[in-house]
Amino acid sequence: VVEKSGLQNHDPQTRLNKEIKGWCTFSSKHCTDNKTLMAWTWLATTPSPLTGPLKEKHNSNWKTHISGERRRTITRFIVMNATEKEKEKAEIGEVISKDRDRDSTAPAAASFNPFGFVTDNPSSRSAIQLPETPAEDGNVGQMLYRIEDKGKEYGSYIKSGKLRWFVRETGSPESRRGTIVFLHGAPTQSYSYRVVMSQMSASGFHCLAPDWIGFGFSDKPQPGYGFDYTEKEFHEAFDKLLDVLEVKSPFFLVVQGFLVGSYGLTWALKNQSRILKLAILNSPLTASSPIPGLFQQLRIPLFGEFTCQNAVMAERFIEAGSAYVLKLEKADVYRLPYLSSGGPGFALLEAARKINFRDILSQITTGFASGRWDKPILVAWGISDKYLPQSVAEEFQKGNSSAVELKLIEGAGHMPQEDWPEKVVDALRYFL
C-alpha cells in the first residue's frame, strides 16, 4: 500500500514533518474507498518515526526507519478495512502471510448472539444460536439430527410392563464384586454416571443406571394415562424394573439429586433388606435443605407450563449448581430430550407439583437416623454445590454418626459424578 501510494518517492525530511492536515490531504489523493481513507487518517495520527534524533541521524525514506513490527501492524489494519477489490490489488502478500502464521493460534471472535439474554453460559447460548446459514443447522429439526445419537453410551431399552426404560449397563451380572444401581435426580438423566460406571466396572462391579420414567430417554407417559408421577408410582415402577433386570439382592445403591433422587432414598428406606451399602451424592437430606428456584417456579400455575418447556433447562440447572460450564457435547445430551418433544417438560412439571418436599425430607431425616438405619452409608459431597450447603451433609452425618461416613469432594458442585467423576470413583472404591 505504501509503495502503491508513491509515498516512498517523497523526501522524508520534508514529507514526514507535515502537519496532520497535510497527511489527510495526501491520503485522500490515493484512496478510492472511505474505509481506506479512514485507515490512512489513523496512520497520519501516529507519531512520526523521524522526529528528534532520528530525523538528524537518518536520511533515507520513511519505510526504512519504521520498525518491521509496526509496519506489519499498520498494513494489517489497512487491509482489514479495505474492500475486497482493494485487497486483490494490494501487493502485500508476504506481509499478510507472515501475520497469518503468527496469529493462527489466536481465538476466533465470538459471533453475534441475538438470544444472549437467555443465559450467560456458553453452552446454553449455543443451544439457541442463530447461525449465519440457517439452512445448515439453524432450526430445531436440523439440531436434533445433529445430536439425536449422542449420549446413549452403554444404554439399551428395557420393557417393563407398559413402560419402556432406558438403562445403561457396564460390566457383567456375574461380576465378582456385585451390582451397583445408580439413580439420578431431576431434571437430569443417567448420562451423568457414564464415566463413573465405566471405571467402576473396570474395578469388578456390575453397574446399572436407568433413566427414571419421564426423564432422559425413558418413556414419558402423559399424566393421567397409566402414570401420574407420584412417589408410589415411581417406587412400583422401579420394583418392576429390578425384577426384569434380575438384580440380585442385596446390591449397592448410589443416589444423587432432587425429586426423583429423593424418591430413590425413600425407596431404600422401604427396602432396607435389599441394600448392602448406600452411597449418597449431593441430595437434600435434612428438613433445612433448600429447594432450588426451578422446582418452586414449576409449581406456579401457568408460569410452570412455560418454564417446563425451556429446552436448555437441564443444562442450566446443572451449570447453576456447579463451578463449571458444560462442554457443548455434554450439554447437547442433557437438552436433547427437551428438544425432542414437550413430554419431558410436562413430566417434570407433573412430578414437581405432585411431590411434597416437606414430607419427603421428613421421611429421609427420620428414616436414616440412628436406631432406624444400620447399613453403611457414604455421603460423598461436592463442596462447591450452589444449591445445597455443606452443612446439610454434616447435619445428616450427626443424625447417625455410627453408620454415616462423610467424604468431601473439593472442586465438585451439585453433581460430583459430572464435575469430577474420578474423585467419586475413588470414594466409591474405598467405600464399597
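This is a predicted model: local features need pLDDT of at least 70, side-chain atom pairs count only at pLDDT 80 or more; totals for chains, interfaces and linings use all residues.
**Entry 1: strand 5**

I started with strand 5, which covers residues 251-255. Is this strand buried or exposed? I found that five of its five residues are buried, so strand 5 is largely enclosed by the rest of the structure. Next I looked at its two faces. In a regular strand the side chains alternate between the two faces of the sheet. On one side of strand 5 I noted Phe-251, Leu-253 and Val-255, and on the other Phe-252 and Val-254. Every one of these residues is buried, so I wrote down that both faces of the strand are covered.

**Entry 2: the neighbours of strand 5**

Which strands pair with strand 5? I found strand 6 joined to strand 5 by five bridges, and the two run parallel. I also found strand 3 (residues 179-183), which is joined to strand 5 by four bridges and runs parallel to it as well.

Val-254 was a handy landmark for me here. Phe-182 stands opposite Val-254, and in strand 6 the bridge partner of Val-254 is Ala-279.

I then checked strand 6 itself, residues 275-281. Five of its seven residues are buried, so strand 6 too is largely enclosed by the rest of the structure.

**Entry 3: helix 15 and helix 21**

My next stop was a pair of helices: helix 15 (residues 260-270) and helix 21 (residues 357-367). I noted the crossing as left-handed.

I also listed who meets whom. Helix 15 brings Ser-262, Tyr-263, Leu-265, Thr-266, Leu-269 and Lys-270. From helix 21 come Ile-360, Gln-363, Ile-364 and Gly-367. Sorted by class, this contact has five nonpolar, four polar and one charged residues.

**Entry 4: helix 18**

I finished with helix 18, residues 313-320. Which of its residues are buried? My list reads Met-313, Ala-314, Glu-315, Phe-317, Ile-318 and Glu-319. That is six of the eight residues, so helix 18 is largely enclosed by the rest of the structure.

Definitions and conventions
Residues are numbered from 1 along each chain as its sequence is written. Side-chain values use heavy atoms; hydrogens and water are left out. Buried means under 20% relative accessible area, exposed over 50%, partly exposed in between (1.4 Å probe, protein chains only). Axes are lines fitted to C-alpha atoms, for helices over the stretch in contact, and angles run from 0 to 180 degrees between N-to-C directions. A crossing is left-handed if the near helix is turned anticlockwise from the far one by less than a right angle, and right-handed if clockwise. Contact means heavy atoms within 4.5 Å. Ala, Val, Leu, Ile, Met, Phe, Trp, Tyr, Cys and Pro count as nonpolar, Asp, Glu, Lys and Arg as charged, and the others, Gly among them, as polar. Two strands pair if DSSP finds at least two bridges between them.
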